[in-house]
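I set out to record, entry by entry, what I looked up in this structure. The structure is shown first, and my notes follow.

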Amino acid sequence: MFLRKNTTLLTILLLSSLIISLATSISAQETVKVGVLHTLTGPNAPSGLHNVDGCLFAIDIINGEYPDLAIDLAQTAGLPNLNGAKIEPIVANSQGEPEFGAAEAERLITLSGVCAIQGAQLSGVTKTASIVAERYRTPFITACSTSPGLTERGFKYFFRTTPTDATFSENFMVFIKDLNKEKNANIKTIGYISANNEWGVGTGAAVVKAAERYGFSVVSNIKWPEGTADLDSEVLTLKRENPDILFAAILDADILLFTSTAKKLDYNPPVFAGFGGGFFTSIDRLAGDNEHYMTRDVFSLDLLDQIPLLNKVNQMYKESYNREFNGDSIRSFTAMMTLADAINRAGSTDKEAIRQALAETNIPADQLIVTWEGVKFDEKGQNMLGRGIVRQMLDGEYKTVWPFEVATAEIVFPMANWSEK
Amino acid sequence: MNLAVIFQAIINGISIGFVYSIVALGLTLIWGTMRIINFAHGDFLMMGMYATFWIFMLIKIDPLLSCLLIVMPVSFGAGLLYYRVILKHILKREVITQILATFGVGIILQSIAMFFWKPDYRIIRGNILSGTFRFVGISIGIPQFVTSIICIIAMLALFYFLNRTKTGLAIRATTLNKEAAALVGINIENIYYLVVGIGISLVGLAGNLLTNYYYVFPNVGMSFALFAYVIIVLGGLGSVKGALAGGLILGIVTSLTGAFLNPAFKYIAVFLVYLMVVVIKPEGLGGR
């Protein structure tokens, strides 16, 4: 009776409270929820944990006040255009499986109410998780998933800061050309190995394409079933086909298995160069067997002197996390800073506004701690200004060996035989 | 075609085949006697590997020494416990219950490993069995070679036990007809305890040997277990000789296919062989 008699009054009251809450939502809101989706368990957890650390560290800087740090968002606590609202990370575990990644992305969006997601490290997981994000029109930014196909899907809400394996493949071809020219390496044939996962297959295709463009012959293109128990036949095939340079997009398990098998079968590639992954995360366990291995990277600790901002931020990271940046954590840091910059420019947690702001991103090189020319996305959501370097394991430490003009150590070619290591 | 490459591929296949056989042996023994497929088998392998790893890291006992003195006896004990706590209660239950129960044990073991030791890959260094020896262009890893020898010894020992000892004959009798075995005074319950103990100790042995040259992590058992299931069907459920043959066939087929066709097809070849055997001889190579 009361409700029927007072419907108009109630409606006015409800509408007023809605309007007031909307108007004050930003000032009342203390946090901006952002999903952080990575692999926290399973064989790829080491890389996932580095990603999470880089991300959380970026959030710490954004939420804190560091006026002596030459990063815009570090000057004040929180996001200045959102009345100092702090970023609240909601960390989720994809378990390294595409279906779990998709499920967690959905949970982050629908239950946790995140306005954007940073993830998911493994290209296979990023692929499915970003499909969910696209369906829910939620911006999804990836830091480390380098499979080129991810930005070929025509998605509006998907952005990638890291150079892709297509970029790195091009970088590697130029590297070979330089090696042939400067060091008389005479490299003509290429081999490629990986597991038959999203990353491995995508990178393989990029290597083959780049090799063709630069006039190299791909004599080995070997993929094995993920989780394989042995690589004897693969290494035997490589021994037979004997490429001048062997590229690999392999993770922890496979690099350990490949190394022990190559050692056992006395297979000595003249150059063994990777696309990150296990080349970073298995350093300790390879214990000297990886001497002279090379990998593409986006940064190197031996560049600290060349980038003062990197030096300072790396020191802070080391104090908080007891280790220095690596390729995973630094890219994750950069992606989160990029996302935060977009949210700040959007001035709200409205997903479409964030998406628009991401599309308009133009972060100059001096705001970054990586050796890129900046962050600016093309119409496919790919950062056009990223680039890679080549590092080689020398005396137990990765050192920058290419481009030669920024190299901090002399490249060793060919790789020492197993008996010499 | 280079003969050295062919021989290398065959030797590689044989060495990994022996490991698969030992893993499958325990599985087929349990199935043959109790008609239960142990879906936690791979996870017991994983536990055997972790046990070997931590014994090496913490008390500096090499895997070669800890194998007979520690890992196998402890695995045997774990098998007895496994039977007592789980298998005994699902013996007469429906197949689906048995599958879920053993699968559940596997999940528990994996979760324990993940909780205590995280997903990191562990590998031992400085163990006795390391290095490679080469002759006439063929490389044989010393860990793999010794592993193969130990597997052969273990299989011969098991074969002798099952065929030449009273207890072994009692196990075989139970496998053939447990009611008749009970009628002649064989204690079936004790047989079951023994079989599970032996089965798990064999997989513990496999884990110990693998740790010499393979990395340890919580999901490591899955790959080997999958092949073990294929092998016991290929070789004949309950057949010890079949498990050996199946393991070697699987190892050699994958190795030769990978070396001469395409590594991407190596497991396709295995399953093609498996399907052929199932069609031509459904009871398996060693089955009756």
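Across which strands of chain A does helix 4 of chain A lie? I looked this up in the model, which is predicted. I found that helix 4 of chain A lies across strand 1 (31-38), strand 2 and strand 3 of chain A. Its direction makes an angle of about 170 degrees with strand 2 of chain A.

**Entry: helix 4 of chain A.** I noted that this helix covers residues 45-63, which is 19 residues. From first C-alpha to last it reaches 26 Å, close to the 27 Å expected at 1.5 Å a residue. I then checked burial and found the helix mostly covered, with 18 of its 19 residues buried. I counted a residue as buried if 20 or more other C-beta atoms lie within 10 Å of its own.

**Entry: the sheet.** Chain A has an open sheet of five strands in the order 2-1-3-4-5, and the pairing is parallel. Strand 2 (86-93) and strand 5 (158-160) of chain A stand at the edges with a single partner strand each, so one side of each has no neighbour in the sheet. On average, neighbouring strands of this sheet are turned by 25 degrees against each other, direction ignored. I reminded myself that strands of a sheet pair through backbone hydrogen bonds, either parallel or antiparallel.

**Entry: one pair of strands.** I examined strand 3 (residues 116-119) and strand 4 (residues 140-142) of chain A, which pair in the parallel sense over two bridges. Here A:Gln118 stands opposite A:Ile141 in strand 4 of chain A.

**Entry: helix 14 of chain A.** I found that this helix, residues 327-346, lies across strand 1, strand 2, strand 3 and strand 4 of chain A. It runs at about 165 degrees to strand 3 of chain A.

**Entry: chain A as a whole.** I recorded 15 helices and 14 strands. The radius of gyration of chain A is 23 Å, close to the 22 Å that the globule rule gives for 421 residues, so the chain is as compact as a globular protein of that length. Buried residues make up 55% of the 421 residues. Of the contacts in chain A between residues at least 6 apart in sequence, 68% join residues at least 24 apart.

**Entry: the contact between the chains.** I saw that 30 residues from chain B and 28 residues from chain A take part. On the side of chain B that touches chain A, helix 1 of chain B gives the largest share, five residues. That side divides into 16 nonpolar, 10 polar and four charged residues.

Technical notes. Residues numbered from 1 in each chain as written. Chains lettered and ligands numbered in written order. Predicted model: local features only at pLDDT ≥ 70, side-chain atom pairs only at ≥ 80, totals over all residues. Helix = DSSP H or I, 4+ residues; strand = E, 2+ residues; numbered from the N terminus. Rg over C-alpha atoms; globule rule 2.2 N^0.38 Å. Buried ≥ 20, exposed ≤ 12 C-beta atoms within 10 Å, placed from the backbone. Contact = placed C-beta atoms within 7 Å. Nonpolar A, V, L, I, M, F, W, Y, C, P; charged D, E, K, R; others polar. Expected span 1.5 Å × (residues − 1). Pairing = 2+ DSSP bridges. Axes fitted to C-alpha atoms, helices over the stretch in contact; angles between N-to-C directions.
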